[in-house]
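Hi,

Here is the structure I promised to pass on. My notes on it follow below.

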Amino acid sequence: MDDRTPGRAAVLMGIGSYLPPRTVSNDELATRLDTSDEWIRSRTGIARRHFAHPDTATSDLAAEAAAKALKCADVDSVDALLLATTTPDRPCPATAPTVAAKLGLGTVAAYDVSAVCSGFLYALATASGLIAAGIAERVLVIGAETYSAIVDPADRANAVIFGDGAGAVVLRAGDRAEPGALGPFDLGSDGAGRDLITVRAGGAEARLSRRTPEPADHYFSMSGREVFRRAVHHMAGSARTVLDRVGLTAGQLDRLVGHQANRRILRVLADTLGVPEERTVHNIDEVGNTAAASIPLALDHAYSSGSLAPGDRVLLTAFGGGLTWGSAFLTWPNLSRS
């Protein structure tokens, strides 16, 4: 049964993204790692990624993407700003207020959402709740990451996967039945798997233990094979839950937008759900895995290239550290291209 009954909902009204100008090819990484362009492409589908300049922070990437989303929406103010990120400028305070200040948004509510690669979907759900409850009329939601700051450049397994970037959307209060309305959502987590995707040092747990962290503890680590298995399982299950609530089959989707973790994961996910591969949106070959920025970047690139059309039935799904996962549905709206 379609649960998109009339009522107040969050509606997508603007989108934008930003990639730092430095492009890092597979060949460049191969000069310092025991790897090759062919090896990276065959296992990940990635050809290149973008790295931020050492003087560029996550808040800078976020502000760039957000400014484009605000321009697309033709608005210069919002009631709240949510930033999904795994790589905040500082452990304390949150980075979202810094982004709001850089955008000149004044004293709006601003806070971070931490759910790793699922962060953008968690932030979308949270923003939708603010709007549905009448707390906000417009909300700016951003996913931004500088993974080049937390991945060990000598880590052959992970250094080739991740890139930096940001994507953002502007949401407004509207009706659940109109194009662009977000929902239903499905979110989940499993903290028993926290060690599968982690940075061990830097938090209260490590500090209170009084144990001197190993050098590797300061960098991102991931158990790739197990993450692959769980990512497909949880994204597929979450996606099916949302489709059931909407009253659609996977074959009726126009676009499946999965977290851009790995090209093989995206293929297996589409096959598991029964979505033709040509209906999947992917840009991982050009940007790599950008964690919380992944889905908004993929959406903006698809929108800009014309592969997302008004009226398209779109399913978003992601899996990340925590472990966390989530999915959401929307019918793509007619956005301004100014």
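In which loop is Thr-87 found? Thr-87 sits in the loop between β4 (80-84) and α4 (96-102); helices (H or I, at least four residues) and strands (E, at least two) are DSSP runs, numbered from the N terminus.

Before the rest, some ground rules. This is a predicted model, where local features need pLDDT of at least 70 and side-chain atom pairs count only at pLDDT 80 or more, while totals for chains, interfaces and linings use all residues. Residues are numbered from 1 along each chain as its sequence is written, and side-chain values use heavy atoms, with hydrogens and water left out.

Thr-87 counts as buried because its relative accessibility is 5% (buried means under 20% relative accessible area, with a 1.4 Å probe and protein chains only). Beyond its neighbours within four places in sequence, Thr-87 is in contact (heavy atoms within 4.5 Å) with Thr-58, Ala-144, Glu-145, Thr-146, Tyr-147 and Ile-150.

Now the second largest pocket: it holds about 480 Å³ of space. (On a 1 Å grid over the protein atoms alone, a pocket is an open set of points where a 1.4 Å probe fits, with protein on both sides within 12 Å along at least five of seven lines; lining residues have an atom within 4 Å of a point. The volume is the space filled by probe spheres set on the points.) Of its 26 lining residues, Ile-161, Met-222, Gly-224, Arg-225 and Asn-262 are the closest to the centre. α8 gives the most to this lining, with 6 residues.

Best wishes

Methods
Buried means under 20% relative accessible area, exposed over 50%, partly exposed in between (1.4 Å probe, protein chains only).
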